[in-house]
Amino acid sequence: MRAEPAPSADQDSGYSFERLVAAYMDCRRNKRNSTSALTFEASRERNLIQLHRELESGEYRPGRSICFVVTRPKPREVWAADFRDRIVHHLLYNRVAPRFHSIFTADTCACIPGRGTLYAAQRLAHQVRSLTHNWQRHAFYLKCDLANFFVAIDKLVLRGQLARHITDAWWMQLADTILMHDPRSDVLMRSPAALLRLVPPHKSLFNAPAHCGLPIGNLSSQFFANVYLNDLDQRVKHVLRAPRYVRYVDDFILLHQDPQWLRAALADISAWLPETLRAQLNPRKTILQPVARGIDFVGHVIKPWSHTTRPRIVRAALAGIEAAAPEDLTKTANSYFGLLRQAPQSHLARVRLTNALRKRGKTVKADLTKTY
């Protein structure tokens, strides 16, 4: 499915070369060493001017994507847009994201400044303590996620959601150009066919209908995913009137003292999703149980008077320390220390990480937060 070209920019569109340069600076912050970034920066002035002309005239079209497969924690495709296209993603995000952030609920997390996994885990822990009066009362949680989320996103539904809030014709057309671009039409595979076959067919973008699916790995996809599920957030908060609720991408949790209320909420959401968003819950990942048994969410495990890191992440950290090359060991270890420090009761996990580092001859700070 091909989007119409963007209209040429005029004085009222709000687009300018200065905005493009700002988007370029945002984009290069974490992508300077990629091949496409180095190629772009070799002639950055000329490339920026050319990109500006294409955007200004409405001739801009997304270019080739790179697809590769990662195997941890499970096999999945990752799609990396060309560097010049990532600049355009940042350009759009910088312009339109603030108006969407203002309508998102406080319980919407991911791809929002200050609302990463730590925010989501802390917000959930606070809501559990509030509902249970600091673990003195019984309560239950309903945990759900959507089946094959990114691959199953209906672009036609999402286009309508974007159009409700992006009123500037030039910016809406640019959003449409990015959204409706099919990366499968021009892709460079960086993983062998044997690795690609590890990805389940129903989770592969290559098998998605033309009007469905967003490529995992782009800023635009993360932002569009939040826009897509904002209608779910609004329904849960204002129609179901859930007293406690947190969502991170497609994983969401409802809390209530009455399990029957949660069952009714599950029935409502299960019926509403396909009718409105053309999406489905994953029945194998739908959980309803007492909060006292512990809630596993965004890499954290929240139990009575305990907030720790998911054991699988700790095992991955130990394996990463063992396998890291000597020149990468310090950087890898400090990254894991930063991750483990997010959980208040992560001391034992950091002790295990420290012991693994000492075996490799490293020194660790006394409070087990950093290695040298």
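A disulfide is a pair of cysteine sulfur atoms within 2.5 Å. By that cut-off, this predicted model holds zero disulfides. The protein has 14 helices and 11 strands, and its radius of gyration of 22 Å is close to the 21 Å that the globule rule gives for 372 residues, so the protein is as compact as a globular protein of that length.

**Cysteines**

- The sulfur of Cys111 is 12 Å from the closest cysteine sulfur, which belongs to Cys109, and this is too far for a bond.
- Cys67 is likewise in no disulfide; the nearest cysteine sulfur to Cys67 is that of Cys212, 18 Å away.
- Cys67 counts as buried because its relative accessibility is 0%.

**Overall dimensions and surface**

- Taken along the principal axes, the box filled by the C-alpha atoms is roughly 60 × 55 × 40 Å.
- Of the 372 residues, 47% count as buried.
- Among contacts between residues at least 6 apart in sequence, 71% join residues at least 24 apart.

**Nonpolar cores**

- The largest nonpolar core has 64 residues. Leu55, Leu174 and Leu254 have the most contacts inside this core.
- Another core, of 18 residues, lies apart from the largest one. Its members include Ala121, Trp135, Leu255 and Ile295.

**The five-stranded sheet**

- An open sheet is formed by five strands in the order β3-β6-β7-β4-β8, with mixed pairing.
- The edges are β3 (108-109) and β8 (287-290); each has a single partner strand, so one side of each is left without a neighbour in the sheet.
- Strands β4 (residues 140-145) and β7 (residues 251-256) run antiparallel and are joined by six bridges.
- Within this pair, Cys144 stands opposite Phe252 of β7.

**Val246**

- Val246 belongs to strand β6, which spans residues 244-248.
- Val246 counts as buried because its relative accessibility is 1%.
- Leaving aside residues up to four places away in sequence, Val246 touches Asp107, Cys109, Ala120, Arg123, Leu124, Gln127, Asp251, Phe252, Ile253 and Phe297.
- One of these contacts, Phe252, is the residue that Cys144 stands opposite in β7.
- Thr330 is 84 residues from Val246 in sequence, and the C-alpha to C-alpha distance between the two is 34 Å.

- Strand β9 (residues 295-297) runs antiparallel to strand β10 (residues 300-303), and three bridges join them.
- Ile295 has Ile302 as its bridge partner in β10; Ile295 is also among the members of the 18-residue core.
- β9 and β10 form a hairpin with two residues between them. In the turn, Val298 has a positive phi of about 45°.
- β10 also pairs with strand β11 (residues 306-309), in the antiparallel sense and over four bridges.
- On this side, the bridge partner of Ile302 is His307 in β11.

Notes:
Residues are numbered from 1 along each chain as its sequence is written. This is a predicted model: local features need pLDDT of at least 70, side-chain atom pairs count only at pLDDT 80 or more; totals for chains, interfaces and linings use all residues. Side-chain values use heavy atoms; hydrogens and water are left out. Buried means under 20% relative accessible area, exposed over 50%, partly exposed in between (1.4 Å probe, protein chains only). Contact means heavy atoms within 4.5 Å. Two strands pair if DSSP finds at least two bridges between them. The radius of gyration is taken over C-alpha atoms; the globule rule is 2.2 Å times the number of residues to the power 0.38. A nonpolar core is a set of buried Ala, Val, Leu, Ile, Met, Phe, Trp, Tyr and Cys residues joined through side-chain atoms within 4.5 Å.
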